[in-house]
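Please look over the sequence and the structure below.

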Amino acid sequence: MLRVEDIGVRFGGVHALKGVSLTCPAGQVTGLIGPNGAGKTTLFNIVTGIQRPDAGSVHLDDRDITRDSTEQRARAGLARTFQRLEVFGSLTVRENVQLAAELHRGLRRRGRSPVELADDLLARVGLTAVADHQAGVLPTGSARLLELARALAISPTTLLLDEPGSGLDEAESHQLGDLLRSLAAEGTAVLLVEHDVQLVMRICAHIYVLDFGQLLCEGSPAEVQADVGVQQAYLGAESVAS
Ligand SMILES: Nc1ncnc2c1ncn2[C@@H]1O[C@H](COP(=O)(O)OP(=O)(O)OP(=O)(O)O)[C@@H](O)[C@H]1O
Ligand SMILES: [Mg+2]
């Protein structure tokens, strides 16, 4: 289980996050939504150790990991995908996943052969047919699934996904939702940042809404959808945009 407590971050005069606390339990998908610039990616950067918070703490199970390096956090089972895709374009799809698996083996010094693991993960995200294609020529939707396979290569206990549904068509997005639910059912704690409200409402057990760096509301999908503040700050604008 992931828990962040009272996180605060400033960029110059801007309070990017202020007093943000949330928990992301194992075995379910937890949603984190909110308008552009609300602080969602910044929170992911703090949880994964790319950015240091000015206040607050991050806990993985009962361990305080606030001061741990990104490598220590990965070793502890934390994985993420990036909003801006981070795949190696000149390598094949399979090589991209193998590389992540090899890195993981180096970190944990155990586990299955990277080649076997890569093929299993590609099957799981539905990319077997393009395993030998160069990653750089994949359409965005497939590249996002490749990022997910790379994140899964470290066998994470906690998985943070930054807009994995963007660029996916309706069928791919549905398939992604099913995959995230099955990962959660296997015991993974999944934290999902996503603008596709339908996907979020379908698969999340609990949702947090961020607005201007602060939590506006939290609850079940039904509770969040019924919240007037959320409708005004976000959902209204989103349904107009889509
Ligand atoms: N490294 C940085 N330096 C200065 N300001 C930053 C930095 N990173 C983020 N910010 C600012 O912090 C705020 C939160 O940004 P963040 O990227 O976390 O939002 P977001 O919720 O992920 O938005 P989006 O939905 O557009 O991805 C924004 O005002 C942004 O401009
Ligand atoms: Mg973002």
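Which strands does helix α1 lie across? Helix α1 (residues 40-48) lies across β3 (29-33), β6, β7, β8 and β9 (206-211).

## Basis

This is a predicted model: local features need pLDDT of at least 70, side-chain atom pairs count only at pLDDT 80 or more, and totals for chains, interfaces and linings use all residues. Residues are numbered from 1 along each chain as its sequence is written, while chains are lettered from A and ligands numbered from 1 in the order in which they are written.

Helices (H or I, at least four residues) and strands (E, at least two) are DSSP runs, numbered from the N terminus.

## The sheet

Six strands make an open, mixed sheet. Their order is β6-β7-β8-β3-β9-β10. Two strands pair if DSSP finds at least two bridges between them. β6 (78-80) and β10 (214-219) are the edges, each pairing on one side only. From one strand to the next, the twist averages 20 degrees.

Strands β7 (residues 158-162) and β8 (residues 189-193) run parallel, joined by five bridges. Thr-158 sits opposite Ala-189 of β8.

## Helices on the sheet

Helix α6 (residues 170-185) packs on the sheet and touches β3, β7 and β8 (contact: C-beta atoms, placed from the backbone, within 7 Å). Its direction makes about 150 degrees with that of β8. Helix α1 runs at about 150 degrees to β7. Axes are lines fitted to C-alpha atoms, for helices over the stretch in contact, and angles run from 0 to 180 degrees between N-to-C directions.

## Around ligand 1

The residues surrounding ligand 1 include Phe-11, Asn-36, Lys-40 and Gln-83 (C-beta atom, placed from the backbone, within 6 Å). Helix α1 gives the largest share of this shell, three residues. β2 (14-24) also supplies at least two.

Methods: Contact = placed C-beta atoms within 7 Å.
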